[in-house]
Amino acid sequence: MGAHTWQEIQSQPQAWESALSAVRYHANLINSLINEPQVVDEIVLVGCGSSYYLALSAAATFQRLLGIPSRAIPSSEAIFYPESVFRRGKSVLVVGISRSGETTETLVALGRAASSPGVRLMSVSCRQDTELARLGGFHLYLPGCDEVSVVMTRSFSAMLLALQGVAALGAGNVAWFDRLSGLPVVAQNIVDAALPLTRSLGSDGSIRRFVFLGSGPFYGIACEGMLKIKEMALANSEAYHTLEFRHGPMSVLDANTLVVSITSDVARREESELLQELQSLSARTLAVGAPVAGAEHVVELPVDRFDEWARAALAIVPLQLLAYCRATSEGFDPDRPQHLSRVVRLGF
Ligand code: F1P
């Protein structure tokens, strides 16, 4: 049960190597897409579900590295409210993100954007010869990153890493791009190190609610962790910008809640203060990143070797394992989530 999903989570190091070499291969094209004949005014990334969540983390990285206003928008919002997404008279790079390259909302959003003046098109997917690729512009295909499973795991982290690489090369920041190349080998260590704890927490029947907290590059990761729990384990899960949790959502906290906080660099003290407060309210707590006060458990990431922006893809790995372990301990098959299909095709 869950054999495909397990293999896909385990093979993220290889997927990341493949994704980064695909980006490296297109370095010149990426540079001209963003910077020629002049630097684009803004960047809009569109996707659905997991692809939208990775777009959130990628958009934050684009703006941070390129200094260009960058936003992530669900594809359906770009279809129905284009005037609230695109600004007339501005040159905009629109990036379509789709594992399958066949999701209707993303195809329609990108197709309509392509016909607008001043739009440059880019897309990224894990399959070749797709409708998305045929829309034109620069299409980045990532070999060896697709899944057999419905739920996205290695495709999520590989497309995120690829887009972070695009941002680095577009900014001429080769040093940061080369730092990303050190991540695949770290990913294998994280899987091995995190597994005992995620097995123990995943099989802990007293945990009935999962809350994922993340800021900056980690908010999209927190959202994806929430979605993995829903898709694989059919459990109650929520995601918030870390300090937002105090502003209302924390009212539902109880001893059956596991709060997973992805620790940043810039707000680590404030995140730790929150975790201590939540512990005093009887919550279970897990930190992903640095061992901080208030964290009952921790999955350590190499916070001294990789800055928070470079840790985004790493941070999803323990969350995938937690969802996988929870699902299998509850007798669900992660390979076959209920109600879901690999590709959402609509009639418009
Ligand atoms: C992405 C997606 C996922 C969802 C499920 C079905 O489609 O909708 O977000 O979790 O796996 O596919 P895609 O446009 O990235 O192929």
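Let's start at T103, which sits in the loop between β3 and α6 (104-114). Keep in mind as you look around that this is a predicted model. Is T103 buried or exposed? Its relative accessible area is 12%, and since anything under 20% counts as buried, T103 is buried. Now see what surrounds it. Setting aside the neighbours within four places in sequence, T103 touches C48, S98, V343 and V344.

S91 is found in the loop between α5 (75-80) and β3 (92-97). With a relative accessible area of 11%, S91 is buried too. Which residues does S91 contact, once neighbours within four places in sequence are left aside? The list is Q38, V39, V40, D41, E42, G118 and R120.

As a bit of background, most peptide bonds are trans, and most residues other than glycine have a negative phi. Between E36 and P37, though, the peptide bond is cis, with omega at about 0 degrees. P37 belongs to the loop between α3 and β1 (42-47).

That brings us to helix α3 itself. Two packed helices are described by the angle between their axes and the distance between the axes. Helix α3 (residues 27-35) packs with helix α8 (residues 154-170) at an angle of about 70 degrees, and the axes are 9 Å apart. Angles from 65 to 115 degrees count as roughly perpendicular, so that is how α3 and α8 lie relative to each other. Who makes the contact? From α3 come A27, I30, N31, I34 and N35, while α8 supplies V166, L169 and G170. Sorted by class, this contact of α3 with α8 has five nonpolar residues, three polar ones and no charged ones.

Now have a look at helix α11, which covers residues 219-233. How far does α11 reach from its first C-alpha to its last? The 15 residues of α11 span 21 Å, close to the 21 Å expected at 1.5 Å a residue. This helix is mostly covered, with 13 of its 15 residues buried.

D129, a residue other than glycine, has a phi near 55 degrees. You'll find D129 in the loop between β4 (119-125) and α7 (131-134). Its relative accessible area is 63%, and because over 50% counts as exposed, D129 is exposed. S282 also has a positive phi, near 80 degrees, and again the residue is not a glycine. S282 is in the loop between α12 (268-280) and β9 (284-289). At 37% relative accessibility, S282 counts as partly exposed.

Time for some rings. How many aromatic pairs does the structure hold? There are four. A pair of aromatic rings is described by the distance of the centres and the angle of the planes. Take W6 and Y324: their ring centres are 5.3 Å apart and their planes are at 45 degrees, so the pair is tilted. This pair links distant parts of the chain, with W6 in helix α1 (residues 3-10) and Y324 in helix α13 (residues 312-329), 318 residues apart. The two partners also fall into separate accessibility classes. W6 counts as partly exposed at 26% relative accessibility, whereas Y324 is buried at 9%.

Y240 and F245 form another of the pairs. Here the ring centres are 5.8 Å apart and the planes are at 40 degrees, so this pair is tilted as well. Y240 is partly exposed, with a relative accessible area of 22%, but F245, at 0% relative accessibility, counts as buried.

One last stop shows how residues separated along the chain can sit in space. S200 lies in helix α10 (residues 183-202) and is partly exposed, with a relative accessible area of 40%. How many residues apart in sequence are S200 and L322? They are 122 residues apart in sequence, and in space they are 9.0 Å apart, C-alpha to C-alpha.

Definitions and conventions: Residues are numbered from 1 along each chain as its sequence is written. This is a predicted model: local features need pLDDT of at least 70, side-chain atom pairs count only at pLDDT 80 or more; totals for chains, interfaces and linings use all residues. Side-chain values use heavy atoms; hydrogens and water are left out. Helices (H or I, at least four residues) and strands (E, at least two) are DSSP runs, numbered from the N terminus. The expected span of a helix is 1.5 Å times one less than its number of residues. Buried means under 20% relative accessible area, exposed over 50%, partly exposed in between (1.4 Å probe, protein chains only). Axes are lines fitted to C-alpha atoms, for helices over the stretch in contact, and angles run from 0 to 180 degrees between N-to-C directions. Angles under 35 degrees count as roughly parallel, over 145 as roughly antiparallel, 65 to 115 as roughly perpendicular and the rest as oblique. Contact means heavy atoms within 4.5 Å. Ala, Val, Leu, Ile, Met, Phe, Trp, Tyr, Cys and Pro count as nonpolar, Asp, Glu, Lys and Arg as charged, and the others, Gly among them, as polar. Rings of Phe, Tyr and Trp (its six-membered ring) pair if their centres lie within 6.5 Å; planes under 30 degrees apart count as stacked, over 60 as edge-to-face and the rest as tilted.
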